[in-house]
Amino acid sequence: MSTTAVLLRNETLKLRKRLAFWVTMGFFAFIQVVSYGEEYFDARKDPEETFALPAAWSQIMSDESMISVIFGAVVLILLVSTEFTWRTARQNVIDGLSKTEWFWGKAALLPIVGAIFILSQIVIGGGSALAGTDLAAMQGAIVGATFFQALGGFFLAFFVMGSLALAVALAIRSSGAAMAAWFAWIGFGERLVALGLGRLFEGLRTALGYLPFGTSLKLLDYDAFDPAAYQRAVEAAEAAGRAVSDPVAVGTASLVAVGWIVLFVGVSYVWFRRRDL
Amino acid sequence: MSSDAHRAPDGLIIETAGLTKRFRKTLAVDGISFEVERGQVFGFLGPNGSGKTTTIGMLLGIIRPTGGGFRLFGGDSPEEIHSARQRIGATLETPNFYPYLSCRDNLRIAANVKGKGAADIDEVLEVVGLTKRRKTKFKACSLGMKQRLALAATMLGDPELIILDEPANGLDPEGMREIRHIIHDLADRGKTIFLSSHLLGEVERTCTHVAIIQLGRLIRQASVAEITSGTVSVGLRAGDDLGALETIAGEYPRAVSVRVHEDRVIVELEEDDFASLNRFVAGRGVYLSYLAREQRTLEDVFMEVTGATESGFGEVQ
């Protein structure tokens, strides 16, 4: 068995048998069912409301998708930091994994956990919208290019915040403290940093919109991947006399996201390698 | 230890040279050098906080040395050390397992890493007597079961070197006896065993060789037979005045050392000639009511050598 296969086998075994994972997953699924169920029933009651595919993707894959990112990050922190509490990270290395292999086993959780939460949201949200879709009258395919682009953005956004969670869990090595640090960052830390640096360096204001959480939010905007949707939003804003926001620079946000992921994973790796277990 | 000219002979499984670990201001391990040969049951002794676990941690790759080096199975390059670790089964301090997984699933994790399968897991579960409890979650295991599971994990993959750090910690006498039997069985199968413990009686019964460390320094390394032999000790008693008897015994020309221990005076002699000592004491008007050979135990030696260090280097932890 290759090392990659060993790592995946062990990580999935631990994940499958972890009650905390299933409880988190169950709670997440419950919230999703309630949320999209409400959309579905609202649309059935009120003809003005629509919740049907493919248009519903912009409601499903909106910035509310941050809930998947949050749940996923919590699970990641739980999975990683407890390895230090239980000293199983140490035992895994004693059993024969190198520290590098152990680290990549944890890094592999990023796409695994990401896929679980993102696809759950797509399935529950998409399923609810599909139930309210008149397939005979539907215009266009259920999923198109925009869907896949937005899905890519969703994954990138997850990886940014997930790799931050990984870094925090590896650095702090305690679930509670790591979660507190991660939530503090998304709750107010990033805003404070942006505010402070923005006051000091006026020229940085645009760039400060690309801090990790801000970058993730940009990539969680379905309409950013759909020029027609943006045009509709502009028209609606103009009609209402509201200011029109600039379109999200998806390319820039994606590149910055990749940068954050590389930075967080890289720093975690170096930090982990240097420290004793 | 990077010179090929200094490559260890085949029989040397562990060889450390000036191995050192400093945690900021604390020097946990101070230039330790020792050797473990193939087939030895090697006791690594020292008081709590003496640097035993740190030393083992460095050998196992979970703690980075800050000085010196070591060879495992004759290799000292990172690749050789990593490959050598595949031939080692070890546990460090407490048994470290996933509390929510069963005994068997915990062994699956280790078995996957070691490239072993279900048959190997069943075999080690049988050896440590956990077959019937294989589905019990680790968090529900008694301390004895946890220690046995740790021993099972070390045996997975039939390693050549088994490193056990305090394997009898917290066990009742029956549990200790079981662990001792397993260790003896492993030794009989030709395994090299590196056993860290502060249960000196257990070590004496189990080990062929020992190294004693204190405050991060190696004080002594020898075979158990060698370390407990040497001079001959005899216990004396005559009335209640142990002080007077100690003084008289101290005048005996062949006495190496004299001390009061519990209700008797222990005299260390150059040679096994108790009759001569008895005559010497009687010649000074004292008639012994008790004279018996004192078996020198590993504990005696440990107390002596760490006591010597106590006066020389500071407090004993």
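**Questions on a predicted two-chain model**

Tutor: In chain B, six strands make up an open sheet of mixed pairing, ordered β6-β7-β8-β4-β9-β10. This is a predicted model, in which local features need pLDDT of at least 70, side-chain atom pairs count only at pLDDT 80 or more, and totals for chains, interfaces and linings use all residues. Residues are numbered from 1 along each chain as its sequence is written, while chains are lettered from A and ligands numbered from 1 in the order in which they are written.

Student: What makes β7(B) and β8(B) a pair?

Tutor: Two strands pair if DSSP finds at least two bridges between them (strands being DSSP runs of E, at least two residues, and helices runs of H or I, at least four, numbered from the N terminus). β7(B) and β8 (residues 192-197) of chain B have five bridges, in the parallel sense. Leu164(B), for example, has Leu195(B) in β8(B) as its bridge partner.

Student: Why is Asp158(B) called partly exposed?

Tutor: A residue is buried if 20 or more other C-beta atoms, placed from the backbone, lie within 10 Å of its own, exposed if 12 or fewer, and partly exposed in between. Asp158(B) has 14 within 10 Å, so it is partly exposed. Asp158(B) lies in the loop between α5 (143-155) and β7 (161-165) of chain B.

Student: Why are α4(A) and α8(A) called roughly parallel?

Tutor: The axes of α4 (residues 66-85) and α8 (residues 145-172) of chain A cross at roughly 30° and come within 9 Å. Angles under 35 degrees count as roughly parallel, over 145 as roughly antiparallel, 65 to 115 as roughly perpendicular and the rest as oblique, so α4(A) is roughly parallel to α8(A). Axes are lines fitted to C-alpha atoms, for helices over the stretch in contact, with angles from 0 to 180 degrees between N-to-C directions.

Student: How do you know that the size of chain A agrees with a compact globule?

Tutor: The globule rule is 2.2 Å times the number of residues to the power 0.38, with the radius of gyration taken over C-alpha atoms. For 277 residues a compact globule would have a radius near 19 Å, and the 21 Å of chain A agrees. Chain A has 12 helices and zero strands.
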